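Biologist: Hi! Could you walk me through this one before I set anything up? I'd like to start with the charged pairs.
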Amino acid sequence: MEDSYFNSDKFKMRVLDAFLNLTSDAVYLINLEGKVLEVNKRFEELHGWTREEIIGKEVPLTPEEWIISYEIYERIVRGEDVTVYETVKHTKGGGHFYADVTISHVYNDEAELVGIAVIERDVTDKKRAEDQLKISEERYRVLVESSPEPIVVFQDLAIVYANPAAARLIGAEDPDQLIGEHISRFLHPDDNPGLVENVERLFVQGTASESFEKRLIRFDGQMLHVEFRAVPIDFHGIGSIQLLFRDMTDRKRAESVLEAKEREFSRVLKMSPEPILLHRAGVITFVNDMAIKLLRGISEEDFIDRPILDFFDPEYHKIIQERMARVIKVDEYMEFIELKLKCLDGVFVDVEVSSICVHRAGLNSVVQVVIRDLTERKKTDEMIRRSDKLSIAGELAAGVAHEIRNPLTALRGFMQLLQAKKTDYVDIMLMEIDRINYIVNEFIGMAKPQALHFVRSDLRTLLDGVIVFMYPQAILFNVEIKLIVQSHLPQIECEPNQIKQVYINVLKNAIEAMQGGGTIEITMYTKPEGSVVTRIVDQGVGIPQDRMEKIGEPFFSLKESGTGLGLMVCHRIIEAHDGKLTIHSVVNEGTTLEIELPTALR
């Protein structure tokens, strides 16, 4: 019984009715006269007419729809197959929707066409999406076509699209001229290796590449520097690579010019005769050759990335920090100030420093520091100062000497009278008067330089005479004098009396510095360059370090009754002989004095 039910027409009609009312497509049947025989629920939803309103009536059509429907009806009657077509359907409420329409012929048992089954699928959303896509694609096409940036698309390394900007860059008359060209055709040969592997990697990663630079060869052979970015895309449904690129030739040329100027500027700084360094936020970034030399380094690595304050006396750190804060706010050079520079070996050097901000970037501003070594200037100033003192001392000494010379002349005359009467000790007194007269002449010479008469002399002989002369005073102070002389000591050209005067002054000072007695060791030897050195070492009280700078100045003496003129005269005599006098001393250990004289005048 069940099998007969399932095979009955009633069951089949119920199944068909259930299918028609559950499908998402609108379905309706019309006879050959255009009258509606049946509709499903989806038809009612889409068109807005109920089943009762439409059965037995024609489906309302616009004139355009009526023409299309009539043409289709004519084709069906002629026996043609009409399957699917797209059209616009209007609703009862005045709206419309897009539909894909499927036509199916309905025949009776005698195979006669008795009606038409129409199936309508709402494709409004799809149609809107397609229209939106077309609009979007058109906008994209317009953007790409009008883009000032060159854009190329290639598949399997062959160009399939190029915009006008790309054609202009490559030197083509028309973008179509590039179609089909292998991408490597336009790359510098040295930039081609790895091209295939890079493209495959892009497809695997599926993301845009980082920007990279290549050299592009135009049709006319000109080479351009280009920055690329590659993006994997679908072009007409095929996996492709879109190249976005930018001409960097002008920028590269500008960078080259800038680099050349920077090298030139760096060379100017490096070769500058004045020490120069650059620092950023107080950290050294550049030092030139003269700065390396002044700071007693070997190379710039000794200073780069080190705080600039490391190379100045801590006493000046606060001042330097204040100037560092000020310099980044002004456009001109800061005024020069005097500071003490600390060299790599720990020695302090007097300098004056100025600075200017060469690149303003807040706390990371770059500041150029110019340094001037004041060592030679200080020496010159000191020499001028000493010269002034010597000039004053000379004038004073000349005045005193002039007053002494008159009574000396009278004394010598009377001594000569006594000598005629054979009075005891007159010869010694005459010799000492002549000695005083010689010293007086030296004082006058301090104010009015005299012509020196150099003769070839033996220093050993001159020194022996002085030691004999100073022997009584040495005995008085319980001082022993030891003399060590190198064999074959060469002679020198000098003014003998002046050299003897130097030896007398320095030996007298050495003896008087040894109140408790001791030994004075005198050594004479020749240096490799040919000069003769006399080294005098005593065991006296020594000279404090803070007073060493003033030794040799007029009117400065460590002795209560001293005038400081003795060493001053010694310095002038040795300088006149193109020699050098140096003093080294340690308190409570003694003093070493060296007199260096050339064997021949230089």
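Modeller: Happy to. A salt bridge here is a side-chain nitrogen of Lys or Arg within 4 Å of a carboxyl oxygen of Asp or Glu. By that rule, the side chains of R218 and D220 form one, at 3.1 Å from N to O. Keep in mind that this is a predicted model.

Biologist: Is R218 buried or exposed?
Modeller: R218 counts as buried, because its relative accessibility is 17% and the cut-off for buried is under 20%.

Biologist: How many salt bridges turn up in the whole structure?
Modeller: The search finds 26. One of them pairs E213 with K252, with the closest N and O atoms 3.0 Å apart. E213 sits in strand β8 (residues 212–217) and K252 in helix α9 (residues 249–271), so this pair ties together parts that are 39 residues apart in sequence.

Biologist: And what is the exposure of those two?
Modeller: E213 is partly exposed, with a relative accessible area of 39%. K252 is partly exposed too, with 23%.

Biologist: Which residue does R456 pair with?
Modeller: R456 forms a salt bridge with E493, and their closest N and O atoms are 3.3 Å apart. This pair also links distant parts of the chain: R456 is in strand β16 (residues 455–457) and E493 is in strand β18 (residues 492–494), 37 residues apart. E493 counts as partly exposed, at 28% relative accessibility.

Biologist: Which residues are joined into one network by shared partners?
Modeller: E274, E352, R372 and R377 are, through salt bridges that share partners.

Biologist: Switching topic: which residues make the nonpolar surface patch of about 270 Å²?
Modeller: That patch is made by L29, L37, V106 and V114. L29 belongs to strand β1 (residues 26–31), and its 33% relative accessibility makes it partly exposed.

Biologist: What does UniProt list for residues 119–146?
Modeller: The unreviewed entry gives "coiled-coil region" for that span. In the model, residues 119–146 are 82% helix and 14% strand, and the end C-alpha atoms lie 45 Å apart.

Biologist: Nice. Now the big picture: how many helices and strands are there?
Modeller: The protein chain has 16 helices and 22 strands. Of its 602 residues, 36% count as buried. The accessible surface comes to about 36,400 Å², and 55% of that belongs to carbon and sulfur atoms.

Biologist: What about contacts across the sequence?
Modeller: Taking contacts between residues at least 6 apart in sequence, 52% join residues at least 24 apart.

Key:
Residues numbered from 1 in each chain as written. Predicted model: local features only at pLDDT ≥ 70, side-chain atom pairs only at ≥ 80, totals over all residues. Heavy atoms only, no water. Helix = DSSP H or I, 4+ residues; strand = E, 2+ residues; numbered from the N terminus. Buried < 20%, exposed > 50% of the residue type's maximum accessible area, 1.4 Å probe, protein only. Contact = heavy atoms within 4.5 Å. Areas by Shrake-Rupley, 256 points an atom, 1.4 Å probe, with all protein chains shown as cover. Patch = residues over 30% accessible without salt bridge, like charges linked within 9 Å, V, L, I, M, F, W, Y side chains within 5 Å. UniProt positions renumbered as here; feature names shortened; annotations may be inferred.
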